[in-house]
Amino acid sequence: MKAEHTAVHCRIPNGTYDRANELLGITQKSMANLVNNAILVYVDMVVSNSTEKAEQYKPLKLDQYAYSLHEKEDRTNSPSG
């Protein structure tokens, strides 16, 4: 019986890792979940030669919404806001 999942190990630039960790703090997701979603969206975009399907990917939309709320909250709570 073939396994449904395969483990992947990779290195990413420190800046990307730092930004991912910031996003994970906002979305409360694991790094494994973020990497899985990123690979799914990337492969879909390459194979379909389109960003349309990726733009409708529910986890992406939820994370974008959570990040925008966080950004809005930061602007509201800043001394100049």
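Modeller: Quick ground rule first: helices (H or I, at least four residues) and strands (E, at least two) are DSSP runs, numbered from the N terminus. This is a predicted model, where local features need pLDDT of at least 70, side-chain atom pairs count only at pLDDT 80 or more, and totals for chains, interfaces and linings use all residues. Residues are numbered from 1 along each chain as its sequence is written, and side-chain values use heavy atoms, with hydrogens and water left out.

Colleague: Fine by me. How many salt bridges does the structure hold?

Modeller: Side chains of opposite charge can pair when their charged atoms come close. To count as a salt bridge, a side-chain nitrogen of Lys or Arg must sit within 4 Å of a carboxyl oxygen of Asp or Glu. D63 pairs with K29 this way, and D44 pairs with K53. The total is two.

Colleague: Take D63 and K29: how many residues apart are they?

Modeller: Their side chains meet in a salt bridge, 2.9 Å from N to O. The pair ties together distant parts of the chain, with D63 in helix α4 (residues 58–77) and K29 in the loop between α1 (14–27) and α2 (31–48). The separation is 34 residues.

Colleague: And is D63 buried or exposed?

Modeller: The scale is relative accessible area: buried is under 20%, exposed is over 50%, and partly exposed is in between (1.4 Å probe, protein chains only). K29 comes out at 23%, so K29 is partly exposed. D63 is at 16%, so D63 counts as buried.

Colleague: Which residues is T27 in contact with, leaving aside neighbours within four places in sequence?

Modeller: T27 lies in helix α1 and is buried, at 14% relative accessibility. Contact means heavy atoms within 4.5 Å. With those sequence neighbours left out, T27 is in contact with D63 and A66.

Colleague: Over to the other salt bridge. What is the N to O distance between the side chains of D44 and K53?

Modeller: D44 is partly exposed, with a relative accessible area of 28%. K53 reaches 54%, so K53 is exposed. Their N to O distance is 3.7 Å.

Colleague: Now some backbone angles. What is phi for Q28?

Modeller: Q28 is in the loop between α1 and α2. At 67% relative accessibility, Q28 is exposed. Q28 is not a glycine, yet its phi is positive, at about 60°.

Colleague: And what is phi of N49 near?

Modeller: N49 lies in the loop between α2 and α3. Its relative accessibility is 70%, so N49 counts as exposed. N49 is also a residue other than glycine with a positive phi, near 55°.
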